[in-house]
Amino acid sequence: MFARTERLLLRPGWQEDAPALARAIGEEAVVRNLATAPWPYGEEEARKFLGMPVNPGQPRFLIFARTGGAPRLVGGCGISPSPDADLGGALEMGYWIARPYWGLGFATEAGRQLIHIARAMNLPKLSAGHFLDNPASGAVLRKLGFRPTGKVAQRYSLARGGEAACALFEEGDTDADATVTPMRSRIGVDEDFREELRLMAA
C-alpha cells in the first residue's frame with residue numbers, strides 16, 4: 001500500500017531501505033522517544049525491523065519527502081496495538097521524524113494521511129501517546145485532532161533502558177483540518193478514496 005500527500009510519499013519499507021533507515025533514525029534524540037527501537041541503532045537493527053511481518057490491518061510505512069530526484073527517507077509511521085492493558089487492545093498511531101526534518105510539519109502531514117487510511121479501512125478510533133519530555137509530539141497530536149485523556153502511563157522504552165511517563169491521547173470525534181489533501185475533506189466516507197486505496201494495495 002502506498003499513499004501520497006502534497007510533500008510526502010508513504011510506503012512499506014524494504015530491505016534495500018536499511019542503510020537509509022539507519023541513517024535517518026540512528027540518533028539518540030529520535031530513538032529515545034520510541035518504545036521498541038533499540039539504541040544504538042544501525043543497519044543490522046534496520047534490517048531486523050524491515051524483515052518483521054506486517055499485519056494488513058495495522059499498516060506501517062516509511063515516510064519519504066518527494067523531491068525533484070529520488071525521494072528522501074525522513075521518518076516512519078504506523079498503527080499497532082496499544083501496549084496499555086487498560087485500553088483493551090485499542091489501536092495506536094505512532095510516528096517519528098529524522099532530526100534534520102523536525103519543525104517542517106512532516107509528522108502532522110504524514111499523521112493526517114495515516115488517519116485517512118485508518119478511516120478508509122474502517123479501523124476503530126485510534127489512540128496515541130508521547131513521553132512527557134517530548135512535548136512537540138503532543139503538539140502534533142493536537143493538530144491531528146487527538147485530545148488528552150488526562151491519563152499518564154509508565155511505558156518502557158528500549159532505547160532509554162527503562163520506563164518513562166507517557167501522556168495518553170484519544171482520537172477526537174471530528175477530523176482535523178484537511179489542508180494536506182484538500183480534495184478529500186471527509187476521506188472517512190469517501191468511496192472514491194476507498195477504491196483508490198484498494199487499487200494501491202492490489
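User: What should I know about the model before we start?
Analyst: This is a predicted model, where local features need pLDDT of at least 70, side-chain atom pairs count only at pLDDT 80 or more, and totals for chains, interfaces and linings use all residues. Residues are numbered from 1 along each chain as its sequence is written, and side-chain values use heavy atoms, with hydrogens and water left out.

User: How many aromatic pairs are there?
Analyst: The count comes to two. Rings of Phe, Tyr and Trp (its six-membered ring) pair if their centres lie within 6.5 Å; planes under 30 degrees apart are stacked, over 60 edge-to-face, the rest tilted. One of the pairs is Phe 2 with Trp 14, with centres 6.2 Å apart and planes at 55°, so this pair is tilted.

User: Where in the chain do Phe 2 and Trp 14 sit?
Analyst: Phe 2 is in the segment before β1 (3-4), and Trp 14 is in the loop between β2 (8-11) and α1 (18-25). Helices (H or I, at least four residues) and strands (E, at least two) are DSSP runs, numbered from the N terminus.

User: Which charged end sits over the ring of Trp 14?
Analyst: That of Arg 11, 3.7 Å from the ring centre. The rule: NZ of Lys or CZ of Arg within 6 Å of the ring centre and within 35 degrees of the ring normal. Likewise, the charged end of Arg 160 sits over the ring of Phe 131, 4.4 Å from its centre.

User: Switching topic. Is Asp 17 buried or exposed?
Analyst: Asp 17 is buried, at 8% relative accessibility. Buried means under 20% relative accessible area, exposed over 50%, partly exposed in between (1.4 Å probe, protein chains only). Asp 17 lies in the loop between β2 and α1.

User: What does Asp 17 touch?
Analyst: Arg 11, Pro 12, Leu 50, Leu 62 and Phe 64, not counting residues up to four places away in sequence. Contact means heavy atoms within 4.5 Å.

User: And Val 152, buried or exposed?
Analyst: Val 152 counts as exposed, at 51%. This residue is in strand β7 (residues 146-157). Its C-alpha atom is 5.4 Å from that of Cys 166, 14 residues apart along the chain.

User: Last one. Which residues make the contact between α1 and α3?
Analyst: From α1, Ala 18, Pro 19, Leu 21 and Ala 22; from α3, Glu 43, Ala 46, Arg 47, Phe 49 and Leu 50.
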